[in-house]
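Good morning, and thank you for coming. Please look at the sequence and the structure together while I speak.

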Amino acid sequence: MTKVTPALSGAGLDAGGEAFPTHARAVVIGGGLVGCSVLYHLAKLGWKDLVLLERDELTSGSTWHAAAGIHGLHDNNNISKIQYYTMKLYKELEAETEQGCGIFQPGSLYMAQTKDREHQLRIQAAKARYFKVDFHELSIKEAAEKHPLVDFTGIRCVMFEPDGGNVDPSGVTYAYAKGAKARGARIIRFTPVTATTQRADGGWDVATPKGTIHAEVVVNCAGLWAREVAKLAGFELPLMTMEHQYFVTEEIPEIAALGRRLPSVADRDGEYYLRQEGKGLLVGAYEKDGRFWMENGTPLDFGHELLPDDLDRISDNVMRACARIPALANAGIKRVINGPMIWSPDSAALFGPVPELRNYYCCNGIIPGFSQSGGLGLLLAQWIVEGEPELDMFPWDLARYGNAWATKAFTKARALDCYAHRFKIHFPYEEREAGRPIRVRPVYERQKEMGGVFGLNAGWEHNLWYAGEGVPPVDEYGFERQSWFKPIAAECAALRSGVGVLDVSNYAKYIIEGPGSGDWLDRVVANKVPVEIGRSCLTPLIGLRGGIAGDFTITKTGEDQFLMVGSALAERYHSRFFNMVEKPAGVTMRSVTDSWTGFNVAGPKSRQLLQRLTNADLSNEAFPFMRSRRVTVAGIEAIALRVSFTGDLGWELYVPEQDQLALYDAVFKAGEDLGVRPVGGRSMLSMRVEKGYGSWSREYSPEYWPQEVGLDRLVKLDKGDFIGRDAYLKIKDQEPREKLVYLTVDVTTADAVGGEPIFTPDGEPVGRVSSGAYGHSIGQSVALSFIKTAYVQDGAEFDVAILGKPHRAKLHAQPLFDPKGARLRA
């Protein structure tokens, strides 16, 4: 390994002459880019008595050798917001601290060689109009004027982002550090953390060779050492280290002669990145043949070292770069940077509080760190100081990975897949095969025999759709409708006209029991918990800012016993809220998600089918909507709930996992003459969207108030205290900022999927799509959307930017499928 001297010294940052602290409000572990950002933002939010501990010099690890590119737009709208915040912050940091951040913003050229890449860029351009930022199309001639070294042969489309560019890694990190120190924070270098021990008061003893600090809060921003620091607290983080290379050329005469800085080049189809560095070029690539590095743990004495060069690995990528920039082919190489980076299984950050611990937070695994550092630092500081960030960050929340299934083998396979496909287009509904299957249910092989195609849901293989005759059971991906469009139409038609069976085993399922269990639940959720055995209720969980942190179905299954069903993906996330309310003696809550399975048997013939398998009376009079019973179905004891997310007549049946296959086979045998058909998750999406049903993390989010999504009727203020009650009281009488609405959209080849911006016919941005799908039962494309309240009117028309182009949409006051709910209650 090659040792490199850091560009900047930390002199003046350490608290020279001061005694080593014994107490801190928060200890941030790790003095890289993100750790210094978190420290800065905690101080900016008013916290005092802050300490950052760094095992070596600031920027040691992966910060100092980063290429440090910056850009604004992202596929996720909230990440776009934090990236624009970050880019703006760097200029403010320079002015505030007088520490140069080395900001260069000559702009970035984004190029498309394929139709799908052009779709992607036009989608981004439409989002830029929504955010009111600059990301616009250039003609080839205009692009060549901005970057005369580029050969634009084969380029279909060029977009220009004027704010794109790069920063100085050390400069930015030291600016955060100086800003934090100016607000009273302490930075102590060359002080490795050797132990973190939870105290009875909820704080932590953070041990170092220099002494132990009693910290109220610990923040793991240890970067390459995040895994090791996590283990000190007794948990694992799904992270994997990999090598990454880029090189810087000698001076290129054509660049030296220009006398101006060239925009960076984003030729994602060429699978490389490129920007000016000095009078030469910096070129990097994510090769298919990636290399793991120190996969069992980062050495504690690693710091400003580089790894041996291996440019042969990226030679194919470099040749494509040379073809695009012919001057590069003749340039000499000045230096090669081969350094480690640490990856999560989806290349997104592991962010937020660890649900199983008190007062322990993480911010690790950030790949585009210099585009996101400010925003992630701000939002994590908000989470620590205010209890909840202002934006919904679940796609980056570490709770999206379960401890039981995010194994090292899975993490390794997914990290390599993310690395090798860093510049690949990630299409809507895309499912990655790497590392799968992890967990399967007993019915998995049977569903495969029936043509099932699967995706990953909370670690489980979850059925998405079933291939019919002549259709291979293989997912295809693109921005336009794919081969599974017709099979899904057939599944929806079969259920709407007869009966279908959906596997809902992956819903999160909890049993709450014991004397006082109902009272405890009433202090958790916002609706009144059922008091009569056999009754069910829908209820929101209110977040600490008054938004929707979750939605559940709660059923009273016995005296002092309840079954609660919620989002599969959010089980670990929701555990944070359940732990906020202390359980009285004798009350227990346990997850049965893994040990119980479930099916939704739905459609107008569902009663006829199930009645053949049970002696229980399933008539509407005996078993009405939103009721439950313990029943025997095909000789198997089950809990039956009269609910269906399809919007049709139906029952959810929950049984122990060992009975799943027998029940599945019995249902299909009994319904053969009724045309019973297996139905997958993508059909469920179509049916719940055409019915206007919201879903957690789409329509229901901590960002959205109950009155904005139609759930305020389920918030019962007359029952006493519950989580989020005080926050809701502050906003309940405020006019909705925007409203969840039902749009039909005039499209022919593609449907909205979520995130598309919405404009008035004269171009004013007024909203965005939360979920979209083709409604096969109504023969129209539907988009559930958030629209500014002032524009919400039955029959109002808008333009939805699908594939980046305007498509006329109409607002409907009610869903077009069964608006009065007659089929549900049939």
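I begin with two conventions: helices (H or I, at least four residues) and strands (E, at least two) are DSSP runs, numbered from the N terminus, and two strands pair if DSSP finds at least two bridges between them. This is a predicted model, in which local features need pLDDT of at least 70 and side-chain atom pairs count only at pLDDT 80 or more, whereas totals for chains, interfaces and linings use all residues. Residues are numbered from 1 along each chain as its sequence is written, and side-chain values use heavy atoms, with hydrogens and water left out.

The chain contains 19 helices and 39 strands. Its C-alpha atoms fill a box of roughly 85 × 65 × 50 Å along the principal axes.

Five strands form an open, antiparallel sheet in the order S25-S26-S27-S24-S28. At its edges are strand S25 (536-542) and strand S28 (588-591), each of which pairs on one side only. Within the sheet, strand S26 (residues 548-558) and strand S27 (residues 561-566) pair in the antiparallel sense over 5 bridges. Lys556 stands opposite Phe562 in S27.

What lies across these strands? Helix H14 (residues 571-578) lies across S24, S25, S26, S27 and S28, with contact meaning heavy atoms within 4.5 Å. H14 runs at about 80° to S26; axes are lines fitted to C-alpha atoms, for helices over the stretch in contact, and angles run from 0 to 180 degrees between N-to-C directions.

On a 1 Å grid over the protein atoms alone, a pocket is an open set of points with protein on both sides within 12 Å along at least five of seven lines, and lining residues have an atom within 4 Å of a point. The second largest pocket has a volume of about 570 Å³, the volume being the space filled by probe spheres set on grid points joined across faces, edges and corners. Of its 27 lining residues, Pro353, Tyr361, Trp383, Arg576 and Met580 lie nearest the centre. H14 gives the largest share of this lining, 3 residues. Strand S20 (360-364) and helix H9 (369-386) each supply at least two residues as well.

To close, a cavity is a set of points where a 1.4 Å probe fits but cannot get out. The whole structure holds 3 cavities of 30 Å³ or more. The largest cavity has a volume of about 290 Å³, and Arg481 and Asp751 are among the residues nearest its centre.
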